[in-house]
Amino acid sequence: MAPVPDLDGFVRPGQGAGLIDVFRRRYLLSLLVRKEVQVRYRGSVLGWMWSYVKPITQFLVFFVALGVFLQLNGTIPNYPVYLFSGLVVINLFSESFSNGTKSLVDNAPLIKKIYLPRELFPVSSTLVAFINFLPQALVLAVVCFLTGWQPNGLQLLGIALGVLIIVLLAMGLSLFFGSINVSFRDAQNFVELILLVATWASPVLYQWTTVAKVLPDWLMVIYRLNPVTAAVELLHAGFWYPTTDGQAPMPPDLWFFGLCALVTSSILLVIGQLVFRRLERRFAQDL
């Protein structure tokens with residue numbers, strides 16, 4: 001009688017633990033993040049300086065177009081800080097969502113050769129985007145200090161909550177659209193449209209009071225339930241509002257909508273993971 005093979009430690013395909021496996025294989029995640037960080041600007045003269053050049057150039061374009069030409073600099077107190085604190089949030093969301101959606105296709109040779117938790121790729125893209133966010137946030141903090149920034153503990157907590165909302169939201173959407181993008185490349189084009197709308201559908205370039213004057217109350221509630229809107233306003237409350245000497249009106253019930261955004265982002269993360277697990281069995285074949 002042939003001996004029964006010892007299958008301890010083996011897992012039937014498709015029965016992994018999802019994001020829990022990513023946590024268990026943190027060393028693989030760190031390797032992927034390190035690899036993406038190192039190769040991002042390889043062969044570039046400026047290297048990591050592009051992490052500063054790109055957002056500053058984007059800021060200058062919007063500031064001249066909106067702050068100077070449309071005169072928002074005169075109607076919104078300390079508009080440069082308001083604008084930049086919104087842009088760093090939307091840049092974090094855009095980079096993590098866009099790169100996370102393409103991460104499986106970009107790593108197709110690795111996926112087809114060896115087994116590892118496929119969630120590693122969208123998660124690593126989100127972490128790399130967060131690493132790129134840090135120097136932008138540092139520049140913003142320095143500018144805020146120069147303009148009299150003295151935040152309290154609750155405002156700093158709001159900044160952390162806003163960043164957490166964006167990270168969870170981008171990760172969930174990356175899992176969802178990244179898994180679909182393996183079979184249908186239209187997904188990444190659809191993501192580009194979402195990101196185009198997201199910049200203008202949240203108060204990054206304008207103030208929430210402008211929207212409140214136009215939308216009815218029920219539609220304004222829907223507008224504020226957008227997780228990106230809540231995250232942007234939380235960073236405004238943490239970075240920009242303390243530099244205005246209390247001159248600017250803050251949106252009411254900001255913490256309530258912030259917590260709603262956190263719940264929404266968490267639900268989308270769960271949905272993204274479920275869809276990812278459902279489609280994962282076809283990845284190697286479709287890639």
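## Serines, loops and a cavity

Visitor: Which helix is S103 found in?
Guide: S103 belongs to helix α5, which runs over residues 79–106; helices here are DSSP runs of H or I of at least four residues, strands are E runs of at least two, and both are numbered from the N terminus. This is a predicted model, where local features need pLDDT of at least 70, side-chain atom pairs count only at pLDDT 80 or more, and totals for chains, interfaces and linings use all residues. Residues are numbered from 1 along each chain as its sequence is written, and side-chain values use heavy atoms, leaving out hydrogens and water.

Visitor: Is S103 buried or exposed?
Guide: S103 is buried, because its relative accessible area is 2% and buried means under 20%, with exposed over 50% and partly exposed in between (1.4 Å probe, protein chains only).

Visitor: What does S103 touch?
Guide: Not counting residues up to four places away in sequence, S103 touches F121, P122 and S125, where contact means heavy atoms within 4.5 Å.

Visitor: New topic: how many helices and strands are in the chain?
Guide: The protein chain has 14 helices and 0 strands. Of its 287 residues, buried ones make up 47%, and among contacts with a separation of 6 or more, residues 24 or more positions apart account for 81%.

Visitor: Which residues does the "transmembrane region" annotation cover?
Guide: According to the unreviewed UniProt entry, that annotation covers residues 52–72, 79–97, 127–149, 156–178, 190–209, 221–242 and 254–276; such annotations may be inferred rather than shown by experiment.

Visitor: What is the helix content over residues 190–209?
Guide: Residues 190–209 are 65% helix and 0% strand, with the end C-alpha atoms 30 Å apart. For residues 221–242, the values are 82% helix and 0% strand, and the end C-alpha atoms are 25 Å apart.

Visitor: How many cavities of 30 Å³ or more does a search of the whole structure find?
Guide: The search finds 1, and the largest cavity has a volume of about 50 Å³. A cavity is a set of points, on a 1 Å grid over the protein atoms alone, where a 1.4 Å probe fits but cannot get out, and lining residues have an atom within 4 Å of a point.

Visitor: Which residues line the largest cavity?
Guide: The lining consists of W208, Y223, R224, T229, A230, E233, P251, L254 and F257. Helices α11 (217–224), α12 (227–240) and α13 each supply at least two residues of that lining, and α12 gives the most, with 3 residues.

Visitor: Last topic, the loops: where does D253 lie?
Guide: D253 lies in the loop between α12 and α13, and D253 is exposed, with a relative accessible area of 54%. Although D253 is not a glycine, its phi is positive, at about 55°.

Visitor: What is phi near in N78?
Guide: Phi of N78 is near 50°, a positive value in a residue other than glycine. N78 is in the loop between α4 (72–75) and α5, and N78 is partly exposed, with a relative accessible area of 24%.

Key:
1 Å grid on protein atoms, 1.4 Å probe; cavity = no way out; pocket = protein on both sides within 12 Å on 5 of 7 lines; lining within 4 Å. Points joined across faces, edges and corners; volume = space filled by probe spheres on them.
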